[in-house]
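Let's take a walk through a protein model together. Have a look at it first, and then we'll go through it piece by piece.

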Amino acid sequence: MSYKFFYLYLAGGTIALLLLIYQILAYYPDLSDTGIFLNLIPVLLLYYMAFKVRREKEDKDLM
């Protein structure tokens, strides 16, 4: 993976997290567990990809 995608993954994860928080606040009384978990998956995936890209860059710097 390329380090240039780090900021893209980070921004995407942050936007997805903000949309998830908005969904929880806007639809508070009628929340569904499956809807929350399905919207949580992209957040976790994008933050995980940003973490992996960052770790790959640090590992290359050490070598």
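This is a predicted model: local features need pLDDT of at least 70, side-chain atom pairs count only at pLDDT 80 or more; totals for chains, interfaces and linings use all residues.

Let's begin with helix 1, which runs over residues 6–26. That's 21 residues, and from the first C-alpha to the last the helix reaches 30 Å, close to the 30 Å expected at 1.5 Å a residue. Which residues of helix 1 are buried? They are Phe6, Tyr9, Gly13, Ala16 and Leu20. These residues cover an arc of only 105° around the axis, so they sit on the same side of helix 1. Now turn to the face pointing away from that buried side: here you'll find the exposed residues Tyr7, Leu8, Ile15, Leu18, Leu19, Tyr22 and Leu25.

Next, let's check out the rings. There are two aromatic pairs to find. One of them is formed by phenylalanine 5 and tyrosine 9, with 6.2 Å from centre to centre and 35° between the planes, which makes the pair tilted. Phenylalanine 5 has a relative accessible area of 35%, so it's partly exposed. Tyrosine 9 has 19%, and because the cut-off for buried is under 20%, tyrosine 9 counts as buried.

Phenylalanine 6 and tyrosine 7 also pair up, with ring centres 5.1 Å apart. Their planes are at 70°, and angles over 60 degrees count as edge-to-face, so that's the name for this pair. Is phenylalanine 6 buried or exposed? Its relative accessibility is 12%, so phenylalanine 6 is buried. Tyrosine 7, on the other hand, comes in at 55%, which is over 50%, so tyrosine 7 is exposed.

Now for the surface. Leu17, Leu18, Ile21 and Leu25 make a nonpolar surface patch of about 380 Å². Take leucine 18 from that group: it belongs to helix 1, and with 54% relative accessibility it counts as exposed.

Finally, hop over to helix 2, which covers residues 33–62 and includes asparagine 39. Asparagine 39 has a relative accessibility of 33%, so it's partly exposed. How far apart in space are asparagine 39 and alanine 16? Along the sequence they're 23 residues apart, and in space the distance is 7.8 Å from C-alpha to C-alpha.

Methods: Residues are numbered from 1 along each chain as its sequence is written. Side-chain values use heavy atoms; hydrogens and water are left out. Helices (H or I, at least four residues) and strands (E, at least two) are DSSP runs, numbered from the N terminus. The expected span of a helix is 1.5 Å times one less than its number of residues. Buried means under 20% relative accessible area, exposed over 50%, partly exposed in between (1.4 Å probe, protein chains only). The arc is that of the directions from the helix axis to the C-beta atoms. Rings of Phe, Tyr and Trp (its six-membered ring) pair if their centres lie within 6.5 Å; planes under 30 degrees apart count as stacked, over 60 as edge-to-face and the rest as tilted. Patches are made of residues with over 30% relative accessible area and no salt bridge: like charges are joined within 9 Å, nonpolar side chains (Val, Leu, Ile, Met, Phe, Trp, Tyr) within 5 Å. Accessible areas come from the Shrake-Rupley method with a 1.4 Å probe; for residues, only the protein chains shown count as cover. A salt bridge is a side-chain nitrogen of Lys or Arg within 4 Å of a carboxyl oxygen of Asp or Glu.
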